[in-house]
Amino acid sequence: MKRISEYVADFFYRRYGGGPRLNVKALCKDCVVERCRILRLKNQLNEDYKTVTNLLKVTVKGNDRFWVGKASLRSWRQLALEQLNEQDEDAEHSNGKMNGNAQNKDESNEEKREEEEELNFNEDIVCPHGDLCISENERRVVSREAWEKLKQYFPKAPEFPNNKECCSQCKILEREGEENEALHKMMASEQKTSLQNLFHDKCRPCLGSWPQETDELYIVSQFFVEEWRKFVRRPTRCSPVSSIANSVLLCPHGGLMFTFASMTKEDSKHIALIWPSEWERIQKLFVVDHVIKITRTQGPEGTRYTSEPQLCPECREGLLCQQQRDLREYTQATVYVHKVVDNKKVMKDAAPELNVSSSEAEEEREENKPEGEQDPDFNQANGGAKRQKLSQQSYITYQKQGIRRSTRHRKVRGEKALLVSANQTLKELKIQIMHAFSVAPFDQNLSIDGKILSDDTATLGSLGVIPESVILLKADEPIADYAAMDDVMQGQRGGGREL
């Protein structure tokens with residue numbers, strides 16, 4: 001609104017009409033009184049805030065005290081001020097109109113409901129059962145005088161005298177939680193002692209050099225080993241492992257997905273080998289869905305290795321095809337670039353801004369999550385009828401989810417990690433390398449495993465650049481030109497200038 005003189009008002013009303021005429025007598029007494037009340041309360045709030053602050057500094061003794069949430073004490077002034085502002089707005093809108101614009105009641109009610117869902121004063125120490133919470137770290141006692149000051153602004157706040165007992169249900173739950181933590185600690189200690197070989201990688205057998213003291217070894221999924229180790233290391237923060245899902249290593253027909261040769265090389269990251277003596281203890285501690293065993297037999301034709309269950313050639317071939325397809329169709333994968341000088345790797349610190357966006361440990365934790373457990377086919381055991389009907393394509397998806405393990409390259413000093421996609425060209429990669437190493441694209445000589453990468457128009461997928469590849473960079477450096485430039489720079493530093 002704007003106040004104008006009576007002479008101008010007469011002019012407007014004669015020309016345009018309208019009404020009613022609003023003068024000093026048109027002021028609403030109730031609204032004026034309410035506005036004055038709010039202003040006085042805001043002034044009083046400032047004084048009370050100082051008073052309460054001083055009262056909280058005094059050590060209170062005796063039983064005439066009250067519990068108040070620490071979070072509520074930190075923000076009570078702001079909460080009170082917001083309440084006063086709401087009252088002020090309600091008074092302005094009490095007639096349903098504001099300068100002729102109708103108030104949307106539905107929107108107003110919805111806003112109020114959202115605000116009511118937020119915690120009010122002292123509700124931060126109310127437990128889920130509506131009683132005093134058991135955590136004393138979240139609350140403190142205040143004097144009656146301080147509490148009465150606060151109650152003036154929050155009359156509906158929950159009140160808890162100093163001698164009020166904590167919630168009995170929460171006490172029971174806390175006691176049960178402590179008992180569970182103690183049980184988990186004891187369980188983890190016993191399992192670690194019983195399965196020392198499983199806990200330490202160096203104590204586990206290796207297929208590459210079969211141990212002479214036994215002719216049979218057992219297999220579990222590496223995912224189980226890592227989840228079990230997490231529990232053993234942090235039993236109070238991680239859930240105990242109760243079962244071994246070896247079905248993740250088998251195809252829908254119940255056959256093994258790995259050959260003996262692959263288990264000694266690229267597929268070794270999916271499995272963990274178990275000594276026979278340790279396998280007996282594992283079967284007592286965990287529920288095992290499928291037993292997988294590798295047996296060595298000596299015969300006239302030499303050493304032979306067999307598995308139970310046997311390899312499923314059809315599904316193994318399908319998995320290999322899918323893996324090859326994935327290597328050619330990746331997006332936003334990481335490759336590592338080494339710069340070499342005289343066939344020696346330059347050992348310089350990699351620029352932090354050129355590394356992978358998230359830490360390797362965090363990414364590996366994400367990759368270790370059992371994504372396959374979200375697939376209903378993942379948990380179907382014993383080769384049931386429904387599982388048998390899986391198509392080859394759906395099985396490949398299942399297999400990727402179930403046994404996907406991190407093959408992350410351990411980056412060393414001097415390497416720089418770049419994010420690339422299979423469909424980008426070699427020239428685009430060279431531009432990335434230029435920004436990383438300050439080497440022009442035409443001075444870059446790139447190779448992977450001795451193979452020269454020379455076709456700038458070819459895609460990385462067609463050139464065999466796969467995720468986690470290590471690319472060697474050898475730069476053509478015109479030494480003579482650099483020496484001349486250095487002479488020029490020295491001349492400038494000495495005060496001279498070459499023309």
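Lys 430 touches Pro 441, Gln 444, Leu 446 and Asp 456, not counting residues up to four places away in sequence. Contact here means heavy atoms within 4.5 Å. Lys 430 is found in helix H15. Helices (H or I, at least four residues) and strands (E, at least two) are DSSP runs, numbered from the N terminus. Lys 430 counts as buried because its relative accessibility is 8%. Buried means under 20% relative accessible area, exposed over 50%, and partly exposed in between (1.4 Å probe, protein chains only).

The model is predicted; local features need pLDDT of at least 70, side-chain atom pairs count only at pLDDT 80 or more, and totals for chains, interfaces and linings use all residues. Residues are numbered from 1 along each chain as its sequence is written, and side-chain values use heavy atoms, with hydrogens and water left out.

Helix H15 spans residues 426-437, and the loop between H15 and strand E14 (444-448) holds Ser 438. Phi of Ser 438 is near 60 degrees, a positive value in a residue other than glycine. Ser 438 counts as exposed, because its relative accessibility is 67%. Glu 468 also has a positive phi, near 70 degrees, and is not a glycine. Glu 468 sits in the loop between strand E15 (451-453) and strand E16 (470-475). Most residues other than glycine have a negative phi, and most peptide bonds are trans.

Two cis peptide bonds are described next. One runs from Gly 19 to Pro 20, with omega near 0 degrees. Pro 20 lies in the loop between helix H1 (6-16) and helix H2 (29-57). Another cis bond joins Glu 308 to Pro 309, again with omega near 0 degrees. The loop that holds Pro 309 lies between strand E10 (302-308) and helix H11 (313-328).

Helix H2 also takes part in a helix pair. H2 and helix H5 (residues 144-153) pack at an angle of about 155 degrees, with their axes 10 Å apart. H2 is therefore roughly antiparallel to H5. Axes are lines fitted to C-alpha atoms, for helices over the stretch in contact, and angles run from 0 to 180 degrees between N-to-C directions. Angles under 35 degrees count as roughly parallel, over 145 as roughly antiparallel, 65 to 115 as roughly perpendicular and the rest as oblique. The crossing of H2 and H5 is left-handed. A crossing is left-handed if the near helix is turned anticlockwise from the far one by less than a right angle, and right-handed if clockwise. From H2, the residues that meet H5 are Leu 41, Gln 44, Leu 45, Asp 48, Thr 51, Val 52 and Leu 55. On the H5 side stand Glu 145, Ala 146, Lys 149, Leu 150, Gln 152 and Tyr 153. This contact has seven nonpolar, three polar and three charged residues. Ala, Val, Leu, Ile, Met, Phe, Trp, Tyr, Cys and Pro count as nonpolar, Asp, Glu, Lys and Arg as charged, and the others, Gly among them, as polar.

Helix H6 (residues 168-194) packs with helix H8 (residues 222-233) at an angle of about 125 degrees, with their axes 8 Å apart. H6 is therefore oblique to H8. The crossing of H6 and H8 is left-handed. H6 contributes His 184, Met 187, Ala 188, Gln 191 and Lys 192 to the contact, and H8 contributes Trp 228, Phe 231 and Val 232. Five of these residues are nonpolar, two are polar and one is charged.

Ser 72 lies in helix H3 (residues 70-92). At 4% relative accessibility, Ser 72 counts as buried. Beyond its neighbours within four places in sequence, Ser 72 is in contact with Asn 120, Phe 121, Asn 122, Glu 123 and Asp 124. Ser 72 and Asp 124 are 52 residues apart in sequence, yet 7.0 Å apart in space, C-alpha to C-alpha. Gly 130 is placed in the loop between helix H4 (105-117) and strand E4 (139-143). Gly 130 is exposed, with a relative accessible area of 52%.

Across the protein chain, the secondary structure comes to 16 helices and 16 strands. Buried residues make up 34% of the 499 residues. Among contacts between residues at least 6 apart in sequence, 79% join residues at least 24 apart.
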